[in-house]
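Please look over the fold below.

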Amino acid sequence: DTNGVVATQTYSLLMSVTTLPGGYVYQGGLVWMPLTSTLYTYAQAVTLCSATINGLSGWRLPAEQELINLANSGAMNGQGWSIGPDLWSSTPYPNIANNYYLIYLPNPSFIGTAVASNSAAATCVH
């Protein structure tokens, strides 16, 4: 300080690091699990994403805009993702009950909707 007084304090920092297997993508401050090859109803996709995945909890189904950002970023290129199926988003389609936006990753400008009982692929985000 202005009087020339100096103080020191030692702190300990405990940190936990989770290493995820290959195929996971880091983009926009988020971690993305690889796309599923299994098709799920909306409720099944939500359940999948609320589970503990590879020892890490806190996953969720991504929003429509997050999927569009992922597709446009190119972060998944070369990761071995099987790109092609429509993916569930957590974004409800306005004014139609039980309908959610689907995102087609090769062309994120092609956005569809589906009734929650339909099946689509999923990815979870953390």
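This is a predicted model: local features need pLDDT of at least 70, side-chain atom pairs count only at pLDDT 80 or more; totals for chains, interfaces and linings use all residues.

Numbering starts from 1 along each chain as its sequence is written, and side-chain values use heavy atoms, with hydrogens and water left out.

**Sheet and helix**

Helices (H or I, at least four residues) and strands (E, at least two) are DSSP runs, numbered from the N terminus. Two strands pair if DSSP finds at least two bridges between them. An open sheet of 3 strands runs in the order β3-β4-β5, with antiparallel pairing. Its edge strands are β3 (86-92) and β5 (111-115), and each pairs on one side only. From one strand to the next, the twist averages 40°. Axes are lines fitted to C-alpha atoms, for helices over the stretch in contact; angles run from 0 to 180 degrees between N-to-C directions. Strand β4 (residues 99-104) is joined to β3 by 4 bridges, and the two run antiparallel. Here Trp88 stands opposite Leu102 in β4.

Helix α2 (residues 64-73) lies across β3, β4 and β5. Its direction is at about 140° to β3. Contact means heavy atoms within 4.5 Å. Buried means under 20% relative accessible area, exposed over 50%, and partly exposed in between (1.4 Å probe, protein chains only). The buried residues of α2 are Glu64, Glu66, Leu67, Ile68, Leu70 and Ala71. They pack against β1, β2, β3, β4 and β5. Just after α2, Gly74 takes a positive phi of about 80°.

Another glycine, Gly28, is found in the loop between β1 (25-27) and β2 (30-32). Gly28 is exposed, at 69% relative accessible area. Its C-alpha atom is separated by 9.4 Å from that of Ala75, 47 residues apart along the chain.

**Ring pairs**

Rings of Phe, Tyr and Trp (its six-membered ring) pair if their centres lie within 6.5 Å; planes under 30 degrees apart count as stacked, over 60 as edge-to-face and the rest as tilted. The structure holds 4 aromatic pairs. One of them, Tyr42 with Tyr100, is stacked, at 3.6 Å centre to centre and 10° between the planes. Tyr42 lies in helix α1 (residues 42-50) and Tyr100 in strand β4, so the pair ties together parts that are 58 residues apart in sequence. The rings of Tyr93 and Tyr101 are edge-to-face, because their centres are 5.2 Å apart and their planes are at 65°. Ring pairs also link Tyr42, Trp88 and Tyr100 into a cluster.

| Residue | Relative accessible area | Class |
|---|---|---|
| Tyr42 | 13% | buried |
| Tyr100 | 15% | buried |
| Tyr93 | 30% | partly exposed |
| Tyr101 | 17% | buried |

**Ser89**

Ser89 is found in strand β3. Is Ser89 buried or exposed? It counts as buried, at 0% relative accessibility. A polar contact is a pair of N or O atoms within 3.5 Å; within protein, one must be able to donate a hydrogen and the other to accept it, and residues adjacent in sequence count only if both atoms are side-chain atoms. A polar atom of the Ser89 side chain lies 3.2 Å from the backbone nitrogen of Thr91. A polar atom of that side chain lies 2.9 Å from the backbone oxygen of Tyr101. Not counting residues up to four places away in sequence, Ser89 touches residues including Tyr42, Glu64, Leu67, Tyr100 and Tyr101.
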